[in-house]
Amino acid sequence: MNKVMSNKWFISLYILPALLLVSVLIFIPLILTGYYGLMKWDGIGAMQFIGLENYINVLQDNRFWESAGHSFLLAIFSTLSLVIYLAVSMILASKIKGADILRKIYLIPMLLSSVAIAQLWIKIYNPSNGMLNSVLGWFGVQNPPLWLADPNIVLYSIFIPILWQYAGFYILIYYAALKGIPESIIEAAKIDGATPLQIAYRIKLPLIMGVVKVTVVLAIVGSLKYFDLIYVMTGGGPNGASEVMASYMYKLAFGNYNFGYGSAVGFMLLLITLIVTVIVRKLTANKDEIQY
């Protein structure tokens, strides 16, 4: 058996189905996206090769860079929110009363589709009869904000349901990592007189730092390509104030029937995400991971 498994031909044969599947689902669409970006094409008629014109136009497109700025702002906001998720996970993992019920409550958003969450928060933000403005009215606020219609606050209004949507996902990851820490380490720290805050900061956090780094990458990469909830809630409006790179690409390709330029935007989104991922991985790389 060992002789068979050390044979390169057998190894190639085993990984071939997975390699074909990954190629069909990931690599070929990526290559085609880059190729379509070299074309002037409405998505239906004949394609006309125009070289790098679409990519040059994307680099000079203020609307694209504005949407990229919104995507990066969302990535920063999502990364900072990991601190809240981690704190909640530590509380849930510390054997408090009702922790089981709280864990199930935090998981509820994961059971809902992005469209359902978007519709729910559209009603909450409704300026005339939404729950949020009604609560503000009880406190005497005469002119509550137009949460999804004010260009100055619409992006921040959308961040809240996005963070709510992914709270259960990250809390579940952190909770599983924290429960994997041997109880003997925590008990030893308590015997030495460590406070709960010292245990959290000096013992638990370093021991799950590898998981934290992974979630940072997930939060940043996921934010850069985020699309569905924002598109349903605002469509990128008003006046592009909540436009992100993915929604801009969708509008160009399927709204304006400029498939070639939309593909160029999509390929630029891919390159930006790859570059950011490499940078984040370099910054968070640490060869001295703590083992237990």
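**Reading the model, feature by feature**

Reply: Over residues 259–280 the chain is 100% helix and 0% strand, with the end C-alpha atoms 31 Å apart. Helices (H or I, at least four residues) and strands (E, at least two) are DSSP runs, numbered from the N terminus. The model is a predicted one, in which local features need pLDDT of at least 70 and side-chain atom pairs count only at pLDDT 80 or more, while totals for chains, interfaces and linings use all residues. Residues are numbered from 1 along each chain as its sequence is written, and side-chain values use heavy atoms, with hydrogens and water left out.

Me: At which residues does UniProt place the feature "transmembrane region"?

Reply: UniProt positions are given in the numbering used here, feature names are shortened, and annotations may be inferred rather than shown by experiment. The unreviewed UniProt entry places this feature at residues 12–32, 72–93, 105–122, 153–177, 207–227 and 259–280. Residues 12–32 are likewise 100% helix and 0% strand in the model, and their end C-alpha atoms lie 26 Å apart.

Me: How many helices and strands does the protein chain have, and what does its C-alpha trace span along the principal axes?

Reply: The chain has 14 helices and 2 strands. Its C-alpha trace spans about 80 × 75 × 30 Å along the principal axes. Contact means heavy atoms within 4.5 Å. Among contacts with a separation of 6 or more, 67% are between residues 24 or more positions apart.

Me: What percentage of the residues count as buried?

Reply: Buried means under 20% relative accessible area, exposed over 50%, and partly exposed in between (1.4 Å probe, protein chains only). Of the 292 residues of the chain, 37% count as buried.

Me: How many salt bridges does the structure hold?

Reply: A salt bridge is a side-chain nitrogen of Lys or Arg within 4 Å of a carboxyl oxygen of Asp or Glu. The structure holds 3 of them. In one, Arg-63 pairs with Glu-243, with the closest N and O atoms 2.9 Å apart. Arg-63 lies in helix 4 (residues 62–92) and Glu-243 in the loop between helix 12 (228–233) and helix 13 (245–255), so this pair ties together parts that are 180 residues apart in sequence.

Me: Which residues are linked with Glu-243 in a network of salt bridges?

Reply: Arg-63, Glu-243 and Lys-251 are linked in this network. Glu-243 pairs with Lys-251 at 3.0 Å between the closest N and O atoms. Glu-243 is buried, with a relative accessible area of 1%, whereas Arg-63 is partly exposed at 34% and Lys-251 is partly exposed at 24%.

Me: Where do Glu-187 and Lys-190 lie?

Reply: Both are in helix 9 (residues 183–191), 3 residues apart, and are therefore separated by about one helical turn. Glu-187 is partly exposed at 36% relative accessibility, as is Lys-190 at 45%.

Me: Which residues line the largest cavity?

Reply: On a 1 Å grid over the protein atoms alone, a cavity is a set of points where a 1.4 Å probe fits but cannot get out, and lining residues have an atom within 4 Å of a point. The structure holds 1 cavity of 30 Å³ or more. Grid points are joined across faces, edges and corners, and a volume is the space filled by probe spheres set on the points; the largest cavity has a volume of about 50 Å³. Its lining consists of Leu-92, Arg-103, Tyr-106, Leu-107, Gly-168, Ile-171, Leu-172 and Tyr-175. Helix 8 gives the most to this lining, with 4 residues.

Note on methods:
1 Å grid on protein atoms, 1.4 Å probe; cavity = no way out; pocket = protein on both sides within 12 Å on 5 of 7 lines; lining within 4 Å.
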